[in-house]
Amino acid sequence: MKIKSLIFLVALILCISAVFLAPVTTASGLFPVSIQESRESGRREIVRAYELNEGENPAHISRATFDRDGFQFELTELSRREVPNYRTRQYVKTVTIYTQSNDFQTVLRELATEMYFEIDGYYGILALDISSINIQSRGTRSSQQTITRTREFPHLSAPDTSLIPRSITEGNQNFNLYNVEWRTQTTATVEYVQLPASFTAVATYRGTQTRTYNIGFSATAVYRGTLTHTTVGIQYTVRFTGVRIVNWRLFVGMLIFFLCIIGAYFVGKKYKPGKSGKIKTFACVGFLMCSLAVMSQTANAAPGIPGNSFGRGQQAIHLNPQTVSAAPSNMHVIGTPNIGNFAHTYTCGQRIGRLTVERLGRTINVYGGATMWAMDRGAGHFSFTGLNHGNTSLVGHNRGWNGFFSFVRLLREGDIIALYANGITRRYAVQRVFTVNETDFSPLIQFGDNRLTLVTCVEYQRNLRRVAVAIEIQ
């Protein structure tokens with residue numbers, strides 16, 4: 001009974017341990033808007049794109065290693081960029097203008113053919129719809145004015161207004177007497193004195209006239225067009241690279257399983273026939289559960305991933321001029337290559353600056369010394385190269401959680417890289433991106449100009465290094 005209990009207890013402990021040692025998958029809470037998978041020459045990559053809304057934390061983006069179709073996918077790059085989002089809407093705007101003429105061509109000249117319009121964050125150009133132009137009268141207005149008529153009444157015997165009509169009519173318009181001017185028409189001599197004999201009355205009559213006139217025209221026109229609303233969203237791109245899984249634990253689990261069955265057989269054979277069946281049963285079930293638990297973790301097994309350093313080891317890399325090969329033919333060489341002799345006051349591991357890739361929105365700290373410690377935190381500086389003058393050479397990891405130089409593969413000719421160090425900021429334009437052998441240090445020598453050289457590894461090619469060369473711009 002002691003043997004049976006011991007076997008059962010051991011099997012139970014192994015099963016519980018296997019369960020607790022099993023990998024735990026946590027949900028990220030954020031879901032990608034797109035997933036792209038590529039398969040080339042046995043290499044697989046999965047790229048997930050996330051578009052975060054306001055209030056969503058990029059820290060919730062899943063970075064965990066996962067398995068698919070016999071490959072283990074590991075995070076190799078996470079990048080952030082601003083993505084413009086466009087929304088459009090059709091818009092119609094009616095415009096009214098006022099004119100003194102109802103001539104179509106006159107009105108058309110007073111209307112703009114296009115107009116810029118903005119409303120509720122939407123903006124754009126609206127075009128005139130000529131067929132929509134409509135001209136209408138704004139109505140009439142009446143006004144009264146005073147008009148006068150003059151009449152002469154000759155041969156009057158006396159300057160008596162009763163001899164003159166009080167009103168006259170002309171064209172259905174009545175005029176009333178307003179003023180009279182008397183003139184002597186003839187004279188007579190009475191006792192040698194000239195006295196008026198007859199008079200002429202010049203009478204002024206006044207009346208009112210109502211005048212009606214058009215006060216103008218109104219023209220309405222319709223402008224039509226598409227308005228655009230632009231917002232800037234943040235997109236994160238997460239790149240996973242897959243390596244084929246070697247299921248060595250599966251074979252180990254199977255071996256343990258068969259060894260347990262054989263062991264159970266010999267244990268049962270040692271005891272009485274009545275007890276051997278129960279012992280065999282307990283042993284087989286326990287060892288079977290243990291083996292299955294071990295095999296359940298085989299999906300997480302993966303071969304080692306090649307190192308990412310330029311050279312190997314924890315110490316800073318020093319350049320031996322005797323081992324430097326000639327500069328590759330595809331490099332831009334100015335002047336005579338030579339080994340620089342730069343004395344830097346920083347200590348190895350000290351933070352000495354920062355590197356910014358403007359188009360990709362990357363900013364990386366730079367540390368003194370091309371060591372693994374520096375590359376685990378950002379970029380390492382080759383101490384024998386320049387810093388802000390000459391050939392400034394930096395090295396960094398390409399993949400993994402510390403893949404700060406994963407952007408090097410994405411660089412294009414003309415990309416601007418800024419390096420801040422020693423209180424000075426210099427800007428460089430990328431000229432070329434190429435690969436060299438891991439033992440070829442020729443890109444790090446001096447070429448007589450101010451340049452920036454970035455070095456990182458090449459995926460799945462341990463003997464190669466990817467190099468980006470950028471020349472200083474003013």
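1. A quick convention before the details: a residue is called buried under 20% relative accessible area, exposed over 50%, and partly exposed in between (1.4 Å probe, protein chains only). On that scale aspartate 120 is exposed, with a relative accessible area of 61%.

2. Please keep in mind that this is a predicted model, in which local features need pLDDT of at least 70, side-chain atom pairs count only at pLDDT 80 or more, and totals for chains, interfaces and linings use all residues. Residues are numbered from 1 along each chain as its sequence is written, and side-chain values use heavy atoms, with hydrogens and water left out.

3. Back to aspartate 120: this residue sits in the loop between strand 5 (114-119) and strand 6, where strands (E, at least two residues) are DSSP runs numbered from the N terminus. The phi of aspartate 120 is near 50 degrees, a positive value in a residue other than glycine. Most residues other than glycine have a negative phi.

4. Tyrosine 192 also deserves a look, with a positive phi near 60 degrees. Tyrosine 192 belongs to the loop between strand 9 (173-190) and strand 10 (193-214), and is exposed at 83% relative accessibility.

5. Now for the largest pocket, whose volume is about 400 Å³. Of its 16 lining residues, the closest to the centre are Ser79, Arg81, Gln235, Thr237 and Leu410. A pocket here is an open set of points on a 1 Å grid over the protein atoms alone, where a 1.4 Å probe fits, with protein on both sides within 12 Å along at least five of seven lines; lining residues have an atom within 4 Å of a point. The volume is the space filled by probe spheres set on the points, which are joined across faces, edges and corners.

6. Which strands each supply at least two residues of that lining? They are strand 1 (34-40), strand 2 (43-52), strand 4 (71-99) and strand 11 (217-244), and strand 4 gives the largest share, 4 residues. By type, the lining divides into 4 nonpolar, 5 polar and 7 charged residues, with Asp, Glu, Lys and Arg counted as charged, Ala, Val, Leu, Ile, Met, Phe, Trp, Tyr, Cys and Pro as nonpolar, and the others, Gly among them, as polar.

7. Serine 79 lies in strand 4 and is buried, with a relative accessible area of 17%. The C-alpha atoms of serine 79 and arginine 239 are separated by 8.7 Å, although the two residues are 160 apart along the chain.
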